[in-house]
Every structure is written in C-alpha cells, then in structure tokens.
Amino acid sequence: MRIADVLRSKGSAVATITEATTVTGLLAELATHNIGAMVVVGPDGIVGMVSERDVVRRLHERGADLLRQPVSEIMTNVVVTCTPDDLVDDMSALMTNNRVRHVPVLDNGGLAGIVSIGDVVKTRMEQLQAEQERLHAYISGG
C-alpha cells in the first residue's frame with residue numbers, strides 16, 4: 001500500500017502555521033484541530049515541524065516566557081518528508097530511524113498531506129486483518 005492510499009482514506013488536509021505564530025497560538029491550533037504536530041510554512045514552502053513534545057521540552061527548559069515566543073524558536077528545522085508513491089511499510093522504518101511521528105507528504109514540491117505514526121499503524125493493522133481473513137477462508141475451504 002502506498003501513502004497515496006492512506007491520504008485517500010484519511011484525507012489530505014494539513015494544519016499549518018507560520019514561523020511567527022507564538023507558542024500560545026500553536027497550542028490553541030493544536031487543541032482546535034485535536035492534533036499533535038503542525039507543519040510550519042514560509043513563503044517558499046515547509047520550513048519546519050513543531051509538536052506538543054517540542055513545547056513540553058522547551059517549556060521545561062525555558063519556563064512560561066516561552067509561550068510568548070515564536071514557534072521558530074522551538075521548531076525542528078530539518079523536516080523528514082515522503083511522497084504519495086512511497087510505501088506505507090517504508091514509513092515505519094523512516095519514522096523510527098528519524099525519531100519522528102509526523103511526516104509531511106510532498107507532491108511536485110507542494111504539501112499534499114501528512115502521515116502520522118497512528119496512520120501507519122492503523123494501515124498495517126488493516127492489512128494484517130485482511131491477510132488473516134484470507135488465510136482463515138483458505139484454511140476453512142472458502
């Protein structure tokens with residue numbers, strides 16, 4: 001199964017913010033969209049990723065003043081991406097090796113969606129369930 005199949009199932013909407021958005025603004029957006037990370041965009045495309053984990057770690061280091069700072073202060077600048085043609089099975093290794101839970105999907109240089117570790121696990125579980133059902137039908141003569 002390809003990432004394009006995952007996006008077709010879950011949708012391609014991606015919540016984004018700018019580098020100038022405050023951490024408080026980020027937290028409001030995360031809560032509004034009920035998500036754990038956002039893509040940070042600039043005039044030329046993706047410039048970073050920022051997650052709940054980034055906020056918690058930096059809040060512990062810097063204190064409450066962090067909430068008034070722009071997300072550019074805490075975002076990850078090197079963003080791991082994939083394409084719609086990449087295989088879902090490859091995402092598990094990509095996410096594990098790069099220690100990321102959210103991967104933006106780029107298609108022809110544009111943001112086409114985002115895949116989370118939850119999406120990858122859900123897809124893999126569905127594949128295993130379908131395989132189990134096929135094996136059960138084969139064994140029972142159906």
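Author: Contact here means heavy atoms within 4.5 Å. The model is predicted, so local features need pLDDT of at least 70 and side-chain atom pairs count only at pLDDT 80 or more, while totals for chains, interfaces and linings use all residues. Residues are numbered from 1 along each chain as its sequence is written, and side-chain values use heavy atoms, with hydrogens and water left out.

Reader: Which residues is Leu26 in contact with, leaving aside its neighbours within four places in sequence?

Author: By that cut-off, Leu26 is in contact with Ile17, Thr21, Met38, Val50, Val55, Val71 and Ile74.

Reader: What makes a set of residues a nonpolar core?

Author: The residues must be buried Ala, Val, Leu, Ile, Met, Phe, Trp, Tyr or Cys, joined through side-chain atoms within 4.5 Å, where buried means under 20% relative accessible area with a 1.4 Å probe and protein chains only. The largest such core has 13 residues, and Leu26, Ile17 and Met38 are among those with the most contacts inside it. Helix H2 (23-33) and strand S2 (37-42) each give two or more residues to this core, helices being DSSP runs of H or I of at least four residues and strands runs of E of at least two. H2 gives the most, with 3 residues.

Reader: Which residues does the second, separate core include?

Author: That core of 11 residues includes Ile3, Met95, Val105 and Val115.

Reader: How many nonpolar, polar and charged residues are in the lining of the largest pocket?

Author: Ala, Val, Leu, Ile, Met, Phe, Trp, Tyr, Cys and Pro count as nonpolar, Asp, Glu, Lys and Arg as charged, and the others, Gly among them, as polar; the lining therefore has 8 nonpolar, 5 polar and 6 charged residues.

Notes: Buried < 20%, exposed > 50% of the residue type's maximum accessible area, 1.4 Å probe, protein only.
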